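The sequence and structure are shown first.

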Amino acid sequence: MTSTQRRVLLAKPRGYCAGVDRAVQAVEIALEKYGAPIYVRKQIVHNVHVVKTLEERGAIFVDETEEVPEGSIVVFSAHGVAPVVHDEAKRRSLATIDATCPLVTKVHKEAVRFAKDDYDILLIGHEGHEEVIGTSGEAPEHIHLVDGPDDVANVKVRDPEKVAWLSQTTLSVDETLATVAKLRERFPKLQDPPSDDICYATQNRQTAVKQMAAESQLVIVVGSTNSSNSVRLVEVAKEHGAANAYLVDYADQIDESWLEGVTTVGVTSGASVPDELVQGVLAWLAERGFADVQEIESVKESMRFALPHELRKDLRAAAV
């Protein structure tokens, strides 16, 4: 096999979505403006490298608000928090910067609206995920978690005529649709959310991987193991034709044995991954004869979100 036969299919879009970019910027700007330390509740985004880089700049990551010294600044992660977390921050006189992704905030508002109308809300998502915990906290008496199609049989509701569904934003589109279809079999009057809950970036990255996987014997997804959307990309790649797919944080985690008999490698990254990590993987592959990189663009992305309003207010005041 000659090196000219070897190629890399590079997915586009990949990496940072608008919500992650906004959240990471929020911590960076807070560090610049207010100085270290800046406390962050949970990982600002689910990526090992991003968290480590921000820690080196003076961010302190904590699991719970009670770990933040009274009167300090705390940033809430992109995955969102329950109302009780905001209440706890007020009690501790914390200055908060809410970096919740606006698409997650949308799901929170949908939960509040359905609960106000006394619906049982079936939240499709993974138990223990921060986003699910935050959304559930908006209406704990009304929300029931449904963890995939196999969990549908376990759902119990008060009134089958008043049931609605919402979903975690980072799931596999296909699995979510399969779960909804099963739920609708049980609850024909099931209400849909007013707009799609699966985030645009999650969908776009999955679409790009589907196109790429059919032509790739191996797909490498750059992302962390606690990143739901990154894990989904590995699953989607396998489901759509790739013989093997693996998740790595860094290029040095790639096993050379994965390349045996491989002529086409697909490369992509989760929505919380900086592109420098992808470039590291491409350089690693190039050293092993995979220097021909062809970008596969499934859709153009142009979404941008404004910074959290707390930061915008202070930045405006500083400018004046």
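The points below are grouped by topic and describe a predicted model.

- Three strands form an open sheet in the order 7-6-8, and their pairing is parallel.
- Strand 7 (143–146) and strand 8 (163–167) are the edge strands, each pairing on one side only.
- From one strand to the next, the twist averages 30°.
- Five bridges join strand 6 (residues 120–124) to strand 8 in the parallel sense; Asp 120 has Val 163 of strand 8 as its bridge partner.

**Helices on the sheet**
- Helix 4 (residues 102–116) lies across strands 6, 7 and 8, and runs at about 170° to strand 8.
- Helix 6 (residues 173–186) also packs on the sheet, where it touches strand 6, strand 7 and strand 8. The direction of helix 6 makes about 150° with that of strand 6.

**Largest pocket**
- The largest pocket holds about 310 Å³ of space.
- Its lining has 18 residues, with Tyr 16, Arg 205, Glu 301, Met 303 and Arg 304 closest to the centre.
- Helix 1 (18–34) and helix 7 (200–213) are the elements that give two or more residues to this lining; helix 1 gives the most, with four.
- The lining comprises eight nonpolar, two polar and eight charged residues.

**Second largest pocket**
- The second largest pocket holds about 240 Å³.
- Of its 13 lining residues, His 86, Asp 98, Thr 100, Thr 105 and His 108 lie nearest the centre.
- Helix 4 and helix 10 (309–319) each give two or more residues to the lining, and the largest share, three residues, comes from helix 4.
- Three of the lining residues are nonpolar, six polar and four charged.

Key:
Residues numbered from 1 in each chain as written. Predicted model: local features only at pLDDT ≥ 70, side-chain atom pairs only at ≥ 80, totals over all residues. Heavy atoms only, no water. Pairing = 2+ DSSP bridges. Axes fitted to C-alpha atoms, helices over the stretch in contact; angles between N-to-C directions. Contact = heavy atoms within 4.5 Å. 1 Å grid on protein atoms, 1.4 Å probe; cavity = no way out; pocket = protein on both sides within 12 Å on 5 of 7 lines; lining within 4 Å. Points joined across faces, edges and corners; volume = space filled by probe spheres on them. Nonpolar A, V, L, I, M, F, W, Y, C, P; charged D, E, K, R; others polar.
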